[in-house]
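Dear colleague,

Please find the structure below, together with its sequence. My notes on its side-chain contacts follow.

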Amino acid sequence: MKRAVVIGASGQIGRPVVQALARAGWAVTAASRGGGRDAAWDGGVRTVRLDRSDDAALSRVVGDGCDLLVDMVAYDAGHGRQLTGLADRVGSAVVISSVAVYEDGAGRGFDTQGEPDGFPVYPVPVSETQPTVAPGGATYSSRKAALEHELLDSGSALPVTVLRAGAVHGPHSPLPRELYFVQRNLDGRERRVLAYRGESRFHPSSARNIAELVRLAAARPGSRVLNACDGQAPTAAAIGAAVDSVMGARTRTAYLDGPPAGSVGRTPWSVPLPVVFDMSAAERELGYRPVESYAEGLPATVEWLTGELRGRDWRTRFPLLAQAYPDLCDYAAEDAWHTA
């Protein structure tokens, strides 16, 4: 039986990755800071505590060697060097990166979105040959680019598949974008507002679909970069309608022709131009077929999110989301807009 080590196993992506590999016959060591176990995992999954920043601890987890090393939490060039330093004991690796590394050829990308005329004008869809930001250490995007550079351009003998994920969705998310719609339904809000006519498309990535890509890449080791998104990129309006359907909610939506009016109409899916990624390379190289669509994965997300929100302030439960979108549920501003 081949052995796999999964770093960041208790996270949103790590949980289904461990499950997918175990079901495919891998002997999985699930490593995380807390060393926890997911109820869905096979009893044969071994769990260990791991401080990712501790090189010696990671070396001990890898031990005499493993056939596959999967890293959910690698973030920068230092982590890349940490992984390539294990090349003599690891058969191949799969590392999660981000579509945030792409720029549009005019220097615009995820890091410039808040600047005047700073939103990237990407082709539709974006392929893996699209230019990326310069490697660096100042931003999330440049750090992920530096990680990729270290893994793929360092001359390491370690075969690495880099998966560029989009807007990751599914249970256990630290930044659940669906909360915009779920919280409103829980609060009995019958009206909402969407910017850009509700037509925004920001390509989602199901954690289960990413796990399927990991499973496929593990079976076909190589050095490559692949987008890791769902089969389709629904509009913000379609996402809201899908959430309503799962929750049995009846709502009315008003639309702004352009950008949000302050907080009104602003959602975690609201983008002025489409951000859609080409999945044909993954289909061609790995035989990838999504295991679920966005709508098919939504019931599990809504059930989990509803449980997490019960009796709790969303800002306390999801501080990363609150930091990114502090006015996500500004009902007073919405009501004033409706009555203006």
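The structure holds 6 aromatic pairs (rings of Phe, Tyr and Trp, the last by its six-membered ring, with centres within 6.5 Å; planes under 30 degrees apart count as stacked, over 60 as edge-to-face and the rest as tilted). One of them joins Tyr-75 and Tyr-140 in a tilted arrangement, with 5.7 Å between centres and 35° between planes. Tyr-75 lies in the loop between strand E4 (66–71) and helix H3 (77–84), and Tyr-140 in helix H4 (residues 140–152), so that distant parts of the chain, 65 residues apart, are linked. Helices (H or I, at least four residues) and strands (E, at least two) are DSSP runs, numbered from the N terminus.

The model is a predicted one: local features need pLDDT of at least 70, side-chain atom pairs count only at pLDDT 80 or more, and totals for chains, interfaces and linings use all residues. Residues are numbered from 1 along each chain as its sequence is written, and side-chain values use heavy atoms, with hydrogens and water left out.

Tyr-75 is partly exposed at a relative accessible area of 25%, and Tyr-140 is partly exposed at 39% (buried is under 20% relative accessible area, exposed over 50%, partly exposed in between; 1.4 Å probe, protein chains only). A further pair, Tyr-102 with Phe-277, is stacked, at 5.8 Å centre to centre and 25° between the planes. Tyr-102 is in the loop between strand E5 (90–98) and H4, and Phe-277 in the loop between strand E11 (252–255) and helix H8 (280–286), so this pair ties together parts 175 residues apart in sequence. Both Tyr-102 and Phe-277 are buried.

There are 19 salt bridges in the structure (a side-chain nitrogen of Lys or Arg within 4 Å of a carboxyl oxygen of Asp or Glu). Glu-334 and Arg-189 form one of these, their closest N and O atoms being 3.2 Å apart. Since Glu-334 lies in helix H12 (residues 331–339) and Arg-189 in the loop between helix H5 (179–186) and strand E8 (191–194), the pair ties together parts 145 residues apart in sequence.

Within helix H6 (residues 207–219), Glu-212 and Arg-215 are 3 residues apart, about one turn of the helix, and form a salt bridge of 2.8 Å between the closest N and O atoms. Glu-212 is buried at 14%, whereas Arg-215 is partly exposed at 29%.

Yours sincerely
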